[in-house]
Amino acid sequence: MGFIWFWLVAIMIVAYVVLDGFDLGVGILQPLLAQTELDRQVMLRSIGPVWDGNEVWLIAGGGTLYFAFPLLYASAFSGFYLALMIVLWLLILRALAIELRMQVELNVWRTFFDGLFFLSSLLLAVFFGAALANVIRGVPLGEDGYFFLPLWTDWRTGSHPGILDWYTLIGSLLAMAALSLHGALYLAVKTEGTLQQQSRAAVRRLWMAVLLLTFAGVPATIMARHDTLANYYSSPVLFAIPVAVLLTLAGIIHYWRQQDDHKSFACSCMYLGLMLIGAAVALYPRLLPSSEDSALDITISKALSGPYTLRVGLVWWAFGMCLAVIYFVVVYRMFRGKITATRGEYGD
Amino acid sequence: MTELVLDRIQFAFTIMYHYLFPQLTMGLALLIVALKTVALRSKDERYDQAARFWSRIFAVNFLIGVVTGIPMEFQFGTNWSQFARATGGVIGQPLAMEGAFSFFLESAFLGLFLFGEKRLSPLAHWASAFMVLVGSWISGFFIIVTNAWMQHPVAYRVLPNGLYEVTSFWGLLTNPWGLIQYAHNMSGAVVTGAFVMCAVGSFYVLEGRFADYGKVFLRVGVIAGLLSCCAQIFPTGDLHGKYMARHQPAALAAMEGLFDTERGAAIVLLGQPNQEQHTIDNPLAVNDVLSFLVYGTTKAEVTGLDKVPRDQWPEPLPLLFYSYHIMAGLGTYFAALMVAAGFLLWRGRLFTNRWVLWPLMLSFPLPYIANTAGWMTAEIGRQPWMVYGLVRTSEGYSKYVSSGNSLFTLLGFMGLYSVLSVLFILLVYRIVQRGPEAIVTGSSSAPITVA
């Protein structure tokens, strides 16, 4: 049961990153790519009807984490207190920026919300990258399974780290680059004309950054946590995952050269998914490792809810996710095709 | 201030602010479906246009409701981690179900409802409005299930490691406390929706602008208001009080200011609880009525606070007393106003009667106050327990989050929510000011408001 729920939560996180990832990327790229008011509107409309549904995966994932692994939810959310609160504030500000921008026809109003959209998207990518890196590196868990991490540190890893150190900073940079690349590829799919050209041009530079940071990330992770590859050594077949990551990276640039934006974007989706799965494989069966003593790790068996909760949960979870997939297929189908200056969200 | 007090203030502040918006979302969703239904049956274009007008206000309101709702789910973990750890196996379930069943549904259909009208047939567009209604009402249900378990824990067992687990999924969802609370709460949301619609309607009629639409709003608002205000008192409020007397006698005694157990207990209409002397100062009371309301006979014995150990008295007691009295007093006023308005509507004299139109226009903030006071009654009444009889509030908060951290984030929320209030008022004011005729169906210059 623990195995199943570990991977169900992991799948929800993958769904969140792959889906909300591109609209975060669009936000980061907006000041770089949009030259005119029309560009900015097209960029916003390219994510308009889908961004909020994408974000629901975060909320649903958080809820699932809560009932499947209450200890992890309680420990991680209170331990990363300030960082998590800042993430909540950023989510609020970003939603306002996207939804309220077009409500008032004033340049000042729109410029303000453009800036907010960019900043909140950028900082969310930074915080999500750092969060993942914190989970991989480990936190100073106490005997009772709790901890409290300061936001700022002396930037060194070790037994008493903070939320931002040199290692988690690499995580932040990688998240920023990878989500920007994801967003650029999405824009290449959804737009045409100059904006599409601009997006394609950005792909090359972002791809180089992602490649470099991916390669930097592996030795950095091993330095920050020496036992990272233990699961991989014990079943070497898992090394297929990093190989596949490299293939998807190659695929992104290969299809980009052929100007096949759809396939390039699909490779980017797989890249993000495989990176997360690779991290989950390294963690398993830990949920939140200790930075001091592996006996204090929060593991699946320590954090798992009672058996009846999980059995019943499996039934409604499967049902709920089927419905969610149907909604997504319907919404994305109605929203298919290019966004242009005159075309509305639902093709009218 | 201690960490515990600050955690309580932060949760109270964020949840009270949040619920200002969902109550209108849930109430208005029903009224919009009502408008769309009339439009579908009568082919009267005014009702369609009225629905479009309200959907604009709905969109802004929904957005603020969604963004202020996100912190709620996460605050169980950040500020109440000991509680979250102990009870996640029970209440994590309905919270996760809200995400899986309701949020996906809402986010999918709200976009279609707001921007798909040109593309959809009238019936399909009606259906999209209906699905938004279903989504928001399911959402409310799961939250009430969560709260009801904290008020009246059922269908649980304690695991060997001290954590709580559900023993019956249906038992959790059909908690009798939850069903009564849900009925009372949803009818309260319709009261808010009805009063807001009546206020805009009265404003248009009194001002002489868009008076045709004002009359449509008043007709729908007064009918919905009359039904919901009566349902709020009887049967839902009545049932809730009786159920509470049986299962949370301490809360009922504190709400009513009943310090001593009595036969033929009086109901205190006004007064100030004196905790030191165990009396009510300046009481305005009616003999025997409390016994009658709770047990149906004037001679019944009602448990007072003297039968409750001092460390189990709800705190802060006077605030509980006032919350309950404000709720009940306003509820009575709502019913009276709506009965008068309903009578005039039936006689065809409502649109010219300034004595009723003015109160209808000015009363729209009051249901917000009543709903908030009602929730304060429920939540303070539950104290000192977080889960009634099982987990004390003082055992639930996050030990390792210092009070300085909590105060910092509390101030942050206050600042951010002040900005939200300004934006909300500005945007809704613009919509009301421009009126229903300014809205064009699915125009491409329409905002991308898919919350």
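I would like to begin inside chain B, with B:Ala224, which has its place in helix H7, residues 211-247, helices here being DSSP runs of H or I with at least four residues, and strands runs of E with at least two, numbered from the N terminus. Please keep in mind that this is a predicted model, in which local features need pLDDT of at least 70 and side-chain atom pairs count only at pLDDT 80 or more, while totals for chains, interfaces and linings use all residues. Residues are numbered from 1 along each chain as its sequence is written, and chains are lettered from A, and ligands numbered from 1, in the order in which they are written.

Is B:Ala224 buried or exposed? It counts as buried because it has 22 C-beta neighbours inside 10 Å, where 20 or more make a residue buried, 12 or fewer exposed, and anything in between partly exposed, with C-beta atoms placed from the backbone. Leaving aside neighbours within four places in sequence, B:Ala224 is in contact with B:Leu31, B:Ala34, B:Val190, B:Gly193 and B:Ala194, contact being C-beta atoms, placed from the backbone, within 7 Å.

B:Leu31 is also, with A:Leu72 and B:Leu35, among the residues with the most contacts inside the largest nonpolar core, which has 230 residues; such a core is a set of buried Ala, Val, Leu, Ile, Met, Phe, Trp, Tyr and Cys residues joined through C-beta atoms within 7 Å.

Turning to the two chains together, 56 residues of chain B are in contact with 59 residues of chain A, and H3(B) gives the largest share of chain B's side, 21 residues.
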